[in-house]
Amino acid sequence: MSPGALTHERDVREAYAAHAGELYGFAVRSLGDAGLAEEAVQETFLRAWRAGERFDPQIGSLRTWLFAILRNVVIDLGRARAARPTLAEGGVEPSVEPFDEALLAWQIEEAMRRIGEQHRQILVETYYRGRPYAEVATELGIPEGTVKSRVYYGLRALRVVLEEMGYED
Amino acid sequence: MKTESCRRWRESLGAYALSQLPDEERSGLEAHLEGCPECRAEADSLLGVARMLPHADPDRFGPAPAPPPALGKRIAATIGAEKRTQRRRRRFRLSLGLSGATALAAAAVLAIFVLSDNPGAGPEQQVDFRSLPQGVTISATLEPQAFGTEIRMYVKGIRSGTLCRVYMRGAGGADVSAGTFRYRWGADESAVLSAALDLSRAKALVVHAGDRTFVAPVDAKTALHNPTNQEEPT
């Protein structure tokens, strides 16, 4: 058993305090249902607890490990949903967004939440809404050069937050 | 190396990474990047971040839903229950392994009663053995289970190495073995034992420590009735 393994109830409580918010938020986004998301997060921590001796922080972060478990849980839930008779009879495949794409999207959205309001706003206006710098500058009452520098510092802030979150390219 | 030219171009790198730089300015910046590994590295890093942006949905930048407060408690409770089951299995094996061992002598014979007169205090019942020799403490926690009763024994102050045999006495007077353990001086752990007798049918808890016997009555009123375990062994 490696030091740092998730073998005590206290370890699980700490892991929950640190990561449950993110796991749950992602599960809601990925599954589109608060009830299913709760189920998925509960199952994730139970599986983590049962396999706690196998967790080795030398190999990867706790967050990465928990997300890997959640991945399997979400896939299992997706299968269970696909097996529901109504869906099978109707021949309709459940349109579950592929996990990895959803996870990537979630991480950026979470990072966007964590950077400052000014940085988020400037990236939304110029990048996502595609508005010209001059227009945004007028609206915010700042020089155009400031819009440009905020885009730069906004991207840098995003990079820092993604690194903090343990985003792995 | 940072130059005047770096300072001039640095803040354009964000717009460059997002392809928002006017053509003329972009050409100028690219010329600088050709000759400046530092700015090149920064540009590449920001391009990496920029490549991720299209995956996100800007309508989801608002606050994320938080897990309901009950979820953490539910997970902790489930894990706690699972842990108790594991421990029980482990201790049960242990007690079977020890049951052939020889008894050693202990110090005194005494009468005892129970304390538990707090009905409705939950499924566990605390049993304290009273009027013990000076320095000796024996107590137990009883918990109803599907298989019968889980017994956690706490012993202190008797001779180290003393073999303790534990029984539950049913309403009909028959003793059901709950297993054995050895008291070790300095060990602060409780011994976890189990008996195939429903707690609601139990009349007393009996401990043979060496050649001494201690009996503490179990108050059936405080015991949680467990309908899965009706019959009392004969």
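## Burial and layout of chain B

A residue is called buried if 20 or more other C-beta atoms lie within 10 Å of its own, the C-beta atoms being placed from the backbone. By this rule, 32% of the 234 residues of chain B count as buried in this structure, which is a predicted model.

Chain B has 5 helices and 8 strands, and if its elements are read from the N terminus on, they run α-α-α-α-α-β-β-β-β-β-β-β-β. Among the contacts in chain B that link residues at least 6 apart in sequence, 61% join residues at least 24 apart.

## Where chain B touches chain A

Between the two chains, 35 residues of chain B are in contact with 39 residues of chain A. On the side of chain B that touches chain A, at least two residues each are supplied by helix H2 (13-17), helix H4 (37-52) and helix H5 (69-98) of chain B, and H5(B) gives the most, with 9 residues. Sorted by class, this side of chain B has 21 nonpolar, 9 polar and 5 charged residues.

## Two helix pairs in chain A

Two packed helices are described by the angle between their axes and the distance between the axes. In chain A, helix H1 (residues 9-31) and helix H5 (residues 99-114) pack at an angle of about 125°, and their axes are 10 Å apart. An angle of about 125° makes H1(A) oblique to H5(A), and H1(A) passes H5(A) in a right-handed crossing. On the H1(A) side the residues that meet H5(A) are A:Glu22, A:Gly25, A:Phe26, A:Arg29 and A:Ser30, while H5(A) brings A:Phe99, A:Ala102, A:Leu103, A:Trp106 and A:Glu110. By class, this contact of H1(A) with H5(A) has 5 nonpolar, 2 polar and 3 charged residues.

Another pair in chain A is formed by helix H7 (residues 133-140) and helix H8 (residues 144-164), whose axes come within 8 Å and cross at roughly 105°. Angles of 65 to 115 degrees count as roughly perpendicular, and H7(A) and H8(A) are therefore roughly perpendicular to each other. Their contact is made by A:Tyr133, A:Ala134, A:Val136 and A:Ala137 of H7(A), together with A:Glu144, A:Val147 and A:Lys148 of H8(A). The residues of the contact of H7(A) with H8(A) divide into 5 nonpolar, no polar and 2 charged.

## Nonpolar cores

The largest nonpolar core has 62 residues, and those with the most contacts inside it are A:Ala27, A:Ala40 and A:Leu70. The largest share of this core, 10 residues, comes from H1(A). If its neighbours within four places in sequence are left aside, A:Ala40 is in contact with A:Ala27, A:Leu31, A:Leu70, A:Val73, A:Val74 and A:Leu77.

## A closer look at A:Gly78

A:Gly78 lies in helix H3 (residues 62-82) of chain A.

Terms used:
Residues numbered from 1 in each chain as written. Chains lettered and ligands numbered in written order. Predicted model: local features only at pLDDT ≥ 70, side-chain atom pairs only at ≥ 80, totals over all residues. Axes fitted to C-alpha atoms, helices over the stretch in contact; angles between N-to-C directions. Helix = DSSP H or I, 4+ residues; strand = E, 2+ residues; numbered from the N terminus. Parallel < 35°, antiparallel > 145°, perpendicular 65-115°, else oblique. Left-handed = near helix turned anticlockwise from the far one by under 90°. Contact = placed C-beta atoms within 7 Å. Nonpolar A, V, L, I, M, F, W, Y, C, P; charged D, E, K, R; others polar. Core = buried A, V, L, I, M, F, W, Y, C linked by C-beta atoms within 7 Å. Buried ≥ 20, exposed ≤ 12 C-beta atoms within 10 Å, placed from the backbone.
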